[in-house]
Amino acid sequence: MTDTAEFWFDPRCPFAWISSRFMLEVEQVRDVKVTWRIMSLAYLNQDKDIPQEYRDMLANAWELVRVAMAVEQQHGQEKLLALYTALGTRLHNEGREQSRELTEEALAEAGLPTELADAAGDDSYDEAIKKSHHDGMDQVGDDVGTPTISVNGTAFFGPILGSIPRGEQAGKIWDGAVAMAAYPEFYELKRSRSGGLDFS
C-alpha cells in the first residue's frame, strides 16, 4: 500500500528545498507518494520577535507563495512541483534574487503561462494560503516551520538536512524519521548545524 506524504514548503526556504529534493529521492526507493502543500514563512513569522534582517528578507515572501497557490488552483499538483523545482533551482542552486523576471522564467520552464506572475501582487490568494499553512502547522505546534511532513496520520517538522541524501541512504533516513515521529511522546532530536548548505 502506497503511503501518502504531505510536504509543506515555502519556495524561499533553503531547508525545505533540500528536504524536498530528499523526498523526491525517497519516492524512488520507498512506496511513498508526495503531495506538495504550501505554507508561508511571512505568515508564520508576522507576529514573532525575529531579527530585522530576517524580517526584511520576508518583506516580499508572500509573492512566490501566491504564485504557487495560483498554479496549484489552476493547474494542479504536477505543475506545482514543476514550478517549485524551477523556482528552487534559481533561488537556491543558482543563488539568484527573487524578481519578476525569475518568476516568469520559472513559470515558462514549468510549461505555465508567464502571466501567472501577476498573482504575486494578488492578496485574494492569501486565505487559501493560510488554510493550507494551518493544515500543516497546526499538526506540529508553534515552534516549527518548513519543511513539515505528514504521513500516515503523523506529522513532524523536518528533517533538517545540510545536503541531499541519495538513493537508499534517503530511504533509511526516511524510515528513521517516520519511526520516531510515530511515537506520540517523541518531540525533538537536534544538534547544532555546522558548515554551509549543499544544494547539489
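I began with α8, which lies across β1, β2, β3 and β4 and runs at about 115 degrees to β4. Contact here means heavy atoms within 4.5 Å. Axes are lines fitted to C-alpha atoms, for helices over the stretch in contact, with angles from 0 to 180 degrees between N-to-C directions. Helices (H or I, at least four residues) and strands (E, at least two) are DSSP runs, numbered from the N terminus.

I noted the terms of the model. It is predicted, so to speak by record: local features need pLDDT of at least 70, side-chain atom pairs count only at pLDDT 80 or more, and totals for chains, interfaces and linings use all residues. Residues are numbered from 1 along each chain as its sequence is written, and side-chain values use heavy atoms, with hydrogens and water left out.

I checked confidence next (pLDDT, the predictor's confidence in each residue, from 0 to 100). The chain averages 92, and 100% of the residues score at least 70. Among the elements, helix α3 (residues 52-57) has the lowest mean, 76, and helix α6 (residues 100-109) the highest, 98.

Then I traced the sheet. Its 4 strands form an open sheet in the order β2-β1-β3-β4, with mixed pairing; two strands pair if DSSP finds at least two bridges between them. β2 and β4 (154-157) stand at the edges with a single partner strand each, so one side of each has no neighbour in the sheet. Neighbouring strands are turned by 20 degrees against each other on average, direction ignored.

I went through the pairs. Strand β1 (residues 3-9) runs parallel to strand β2 (residues 32-38), joined by 7 bridges. A5 has V34 of β2 as its bridge partner, and F7 has W36. The chain goes from β1 through α1 to β2 in a right-handed β-α-β crossover (clockwise from the first strand over the helix to the second, with the strands pointing away from the viewer). β1 also pairs antiparallel with strand β3 (residues 148-151) over 4 bridges, where W8 is partnered by T148.

Last, I looked at α1. This helix lies across β1, β2 and β3, at about 155 degrees to β2. The axes of α1 (residues 14-29) and α8 (residues 167-181) come within 8 Å and cross at roughly 100 degrees. The two are therefore roughly perpendicular (65 to 115 degrees; under 35 counts as roughly parallel, over 145 as roughly antiparallel, the rest as oblique). Residues in the contact include F22 and M23 of α1 and I173 and W174 of α8.
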